[in-house]
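Subject: Structure handover

Hello,

Here is the structure I promised to pass on. Please open it next to this email and look for each residue as you read.

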Amino acid sequence: MKHMNESFPEDFILMGFTKYPWLDVPLFFALLTSYMFTLLGNIAIILVSQLDSQLQSPMYFFLTSLSFLDLCFTTTTVPQMLFNLGGPNKNITYIGCMTQAYVFHWLGCTECVLLGTMALDRYVAVCKPLRYPVIMNHKLCWQLSSTAWLIGLANSLLQSTLTVQLPLCGNQELDHFFCELPGLIKMACVDATVNELTLAVVATCLIMGPLSMILVSYSYIAQAVFQIPSADGRLKAFNTCSSHLLVVSLFYGPGIYIYMQPSGDSPQDLIKILTLFYCVITPMANPFIYTLRNKDVKGALRRLLRQAILSKRI
């Protein structure tokens, strides 16, 4: 056995679903397939938003930011999960685990704030359409996006640093697929009530703050949509906004269940499934949600594919 000091192991054993070994092969292929779709879908959204001149509005700026964030978010966890599921080695180094915890928490918090910012963008677009280009100018979009990343980073530095300082007394087994703060806090061999309360309070603020902004924005949007005289206008506004609401539901639902209740109140297997949902399924689904419900994006994808085909023929 590797040497371990009194408080911190050299590596961790990620338990995952080790008590259900028959799940390793199907879960490996399911994760690999979803990861490939995530990469293809989000890269396609980024490319089409950057290359198509008709998709240069603030909405697609934030959609590009979300796609880039989802690429980073899923890449933080899935390659390690595939490595552990693909063989008998279930370990991750201590440094790798702590790095993963910092980055995963940073990106998760950033996405919470970014989804709230996107609701604000939709509010301005629907409720103040004539002033939309002036209000949501390029500089403000960059400032809002940067603020989301900085808030996520600041929270991750606070929460993760508090968690890293907890002594583990040589505990190696982490009952999860990857290194996440709630699981690391449970491994501590001292009273971690302060850490649990801090995580719950800050998570509540980071979830409920943007979520409140989303609900308020969409209450005004709903009133404005019903006042649009043309049926086509109402349908276009509804499709655009419903895509964002669906993404919000897929991301916030599991997050609220995992982070906004007392530690230990839920079965760990259920926590693992919900975590897989919002860190694997949601990033994969986002590009398809926005593509299938958005005529502009579908049109831009067709134009991009047509140009690619024609360039090969020439």
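Below is what was found, starting with confidence and ending with single residues.

**Ground rules**

This is a predicted model, where local features need pLDDT of at least 70, side-chain atom pairs count only at pLDDT 80 or more, and totals for chains, interfaces and linings use all residues. Residues are numbered from 1 along each chain as its sequence is written, and side-chain values use heavy atoms, with hydrogens and water left out.

**Confidence**

The predictor gives each residue a confidence from 0 to 100, called pLDDT. The chain has a mean pLDDT of 83. In all, 93% of its residues reach 70 or more. Helices (H or I, at least four residues) and strands (E, at least two) are DSSP runs, numbered from the N terminus. Confidence is highest in helix 5 (residues 138-164), at a mean of 92. It is lowest in helix 10 (residues 295-313), at 72. Treat residues 1-6 separately: there the pLDDT is below 50. Beyond near neighbours in sequence, that stretch has 10 contacts in the model (contact means heavy atoms within 4.5 Å).

**The core**

Two terms first. Buried means under 20% relative accessible area, exposed means over 50%, and partly exposed is in between (1.4 Å probe, protein chains only). A nonpolar core is a set of buried Ala, Val, Leu, Ile, Met, Phe, Trp, Tyr and Cys residues joined through side-chain atoms within 4.5 Å.

The largest nonpolar core holds 85 residues. Phe 12, Leu 115, Leu 184 and Tyr 252 touch the most other members. Helix 3 (residues 94-127) gives the most to this core, with 16 residues. Now look at Tyr 252. Leaving out residues up to four places away in sequence, Tyr 252 touches Cys 112, Leu 115, Ile 207, Pro 210, Leu 211 and Ile 214.

**Salt bridges**

A salt bridge is a side-chain nitrogen of Lys or Arg within 4 Å of a carboxyl oxygen of Asp or Glu. How many salt bridges does a search of the whole structure find? There are 3.

- Asp 24 pairs with Lys 90, with the closest N and O atoms 3.2 Å apart. Asp 24 lies in helix 1 and Lys 90 in the loop between helix 2 and strand 2, so the pair ties together parts that are 66 residues apart in sequence. Asp 24 is buried, at 17% relative accessible area. Lys 90 is buried too, at 14%.
- Asp 121 and Arg 122 meet at 3.1 Å, N to O. Asp 121 is buried, at 2% relative accessibility. Arg 122 counts as buried at 10%.
- Lys 272 and Asp 175 meet at 2.7 Å, N to O. This pair links distant parts of the chain, 97 residues apart. Lys 272 is in helix 9 (residues 268-292), and Asp 175 is in the loop between strand 3 (173-174) and helix 6 (181-186).

Go back to Lys 90 for a moment. Beyond four places in sequence, the residues that Lys 90 touches are Phe 12, Ile 13, Leu 14, Asp 24, Asn 84 and Leu 85.

Tyr 35 lies in helix 1. It counts as buried, at 12% relative accessibility. Tyr 35 and Thr 74 are 39 residues apart in sequence, yet 7.5 Å apart in space, C-alpha to C-alpha. Among the contacts of Tyr 35 beyond four places in sequence are Thr 75, Val 78 and Pro 79.

Trp 149 is in helix 5. Trp 149 is in contact with Phe 68, Leu 69, Trp 106, Leu 107 and Thr 110, leaving aside neighbours within four places in sequence.

Val 225 sits in helix 7 (residues 193-226). Val 225 is buried, at 12% relative accessibility. Val 126 is 99 residues away from Val 225 in sequence and 7.4 Å away in space, C-alpha to C-alpha. Val 225 touches Val 126, Arg 234 and Ala 237, not counting residues up to four places away in sequence.

Best wishes
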